[in-house]
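Biologist: Please show me the model, and then we can go through it by question and answer.

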Amino acid sequence: MIEFINVGMTYPCGNVGLKNINLTINESEVTVFIGPSGSGKTTLLKMINRLEDNTTGEVKINGKNVKEYDIHKMRWDIGYALQQVALFPHMNVEENIAIVPELKKWKKEKINARIDELLHMIGLEPEKYRKRKPSELSGGEAQRIGIARALAADPKIILMDEPFSALDPITRASLQEDVKKLQKQINKTIVFVTHDIEEAFLLGDKICIIQDGELIQSGTKQEIISNPKNDFVKKFIAIKKKEGEAHE
Ligand code: ADP
Ligand code: MG
């Protein structure tokens with residue numbers, strides 16, 4: 001379980017990133033942060049693996065303040081996948097996936113078996129893809145490898161920051177399905193950032209709507225649709241309704 005208790009964050013330049021966030025992220029659920037560009041979604045996500053530190057309040061994982069964990073070990077247990085997939089260009093697919101397992105000093109055979117298992121899971125033939133460099137992958141394939149890498153050392157928590165927003169709609173839909181299937185298979189705590197309400201409703205057990213560094217509303221899709229807290233939330237849902245109507 002991840003808890004934000006009265007969390008605020010001001011950047012050194014004085015920019016306010018977050019204001020008084022109170023939120024519980026349940027284990028084995030997909031929690032989605034959604035809001036416009038610049039609303040604070042990435043900042044909020046980065047508090048969890050301490051790529052940014054909260055300046056007020058507390059962030060806790062399993063009851064313990066994140067600042068009390070050994071930062072490196074903690075990060076090995078938190079998978080992280082981003083839009084700019086950031087595979088290391090000079091390393092091939094298997095080397096990219098093996099980074100954290102190697103830091104954790106897994107045995108070679110265990111790492112190899114894990115690479116095969118992950119490549120099968122994301123639908124890429126190990127024999128074909130293991131030795132490829134990132135430059136020899138399509139955008140969708142690179143994104144899948146980024147997800148495999150985030151899962152490699154079997155982290156309990158996976159953070160995903162707009163991982164699909166640079167992809168074409170078909171690849172994106174297929175990866176969204178992958179995440180849903182994965183979640184059922186591996187039962188992880190996933191925190192997923194998006195600015196797309198369709199994606200949020202598709203993936204999220206809990207949806208957190210963020211605006212100007214504040215958590216405006218959180219709840220299930222049904223809770224938010226049936227009881228939107230203000231006009232801003234209504235606007236998001238109105239977009240959803242319009243799109244739905246257009247398809248009918
Ligand atoms: P989002 O992910 O929702 O687009 P961010 O969390 O990246 O939003 O940013 C939230 C706010 O914090 C924005 O106003 C942004 O300009 C500001 N911000 C982000 N990173 C920094 C930084 N390193 N220094 C100063 N301000 C920042
Ligand atoms: Mg962002």
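Modeller: A term comes first: helices (H or I, at least four residues) and strands (E, at least two) are DSSP runs, numbered from the N terminus. This is a predicted model, in which local features need pLDDT of at least 70 and side-chain atom pairs count only at pLDDT 80 or more, while totals for chains, interfaces and linings use all residues. Residues are numbered from 1 along each chain as its sequence is written, chains are lettered from A and ligands numbered from 1 in the order in which they are written, and side-chain values use heavy atoms, with hydrogens and water left out.

Biologist: In which strand is Thr 31 found, and is Thr 31 buried or exposed?

Modeller: Thr 31 is found in strand β3, residues 30–34. Buried means under 20% relative accessible area, exposed over 50%, and partly exposed in between (1.4 Å probe, protein chains only). Because its relative accessibility is 0%, Thr 31 counts as buried.

Biologist: Which residues is Thr 31 in contact with, beyond four places in sequence?

Modeller: Contact means heavy atoms within 4.5 Å. Leaving aside neighbours within four places, the contacts of Thr 31 are Ile 25, Ile 190, Val 191, Phe 192, Lys 206 and Cys 208.

Biologist: Which residues touch the most other members of the largest nonpolar core?

Modeller: A nonpolar core is a set of buried Ala, Val, Leu, Ile, Met, Phe, Trp, Tyr and Cys residues joined through side-chain atoms within 4.5 Å. The largest one has 46 residues, and its largest share, 6 residues, comes from helix α7 (residues 139–151). The members touching the most others are Ile 34, Ile 97, Leu 119, Ile 145, Met 160, Phe 192 and Ile 209.

Biologist: How many residues are in the second, separate core?

Modeller: Ile 25, Ile 48, Ile 61 and Leu 159 are included in this second core. Its size is 24 residues.

Biologist: Which residues are around ligand 1?

Modeller: A residue is near a molecule or strand if one of its heavy atoms lies within 4 Å of it. Around ligand 1 these are Tyr 11, Cys 13, Asn 15, Pro 36, Ser 37, Gly 38, Ser 39, Gly 40, Lys 41, Thr 42 and Thr 43.

Biologist: At what distance is a polar side-chain atom of Thr 42 from an oxygen atom of ligand 1?

Modeller: A polar contact is a pair of N or O atoms within 3.5 Å; within protein, one must be able to donate a hydrogen and the other to accept it, and residues adjacent in sequence count only if both atoms are side-chain atoms. A nitrogen atom of ligand 1 is 3.2 Å from an N or O atom in the side chain of Tyr 11, and for the side chain of Asn 15 the distance from a ligand nitrogen is 2.9 Å. For Thr 42 and the ligand oxygen, the distance is 2.8 Å.

Biologist: Why is α1 largely enclosed by the rest of the structure?

Modeller: The buried residues of α1 are Lys 41, Thr 43, Leu 44, Leu 45, Met 47 and Ile 48. The helix is largely enclosed because its buried residues number 6 of the 8.

Biologist: Which backbone oxygen does the side chain of Asn 54 reach?

Modeller: Asn 54 is in the loop between α1 (41–48) and β4 (56–61), and counts as buried at 5% relative accessibility. At 2.9 Å, its side chain reaches the backbone oxygen of Gly 57.

Biologist: Is Gln 84 buried or exposed?

Modeller: Gln 84 is found in the loop between β6 (78–82) and α3 (93–97). Because its relative accessibility is 58%, Gln 84 counts as exposed.
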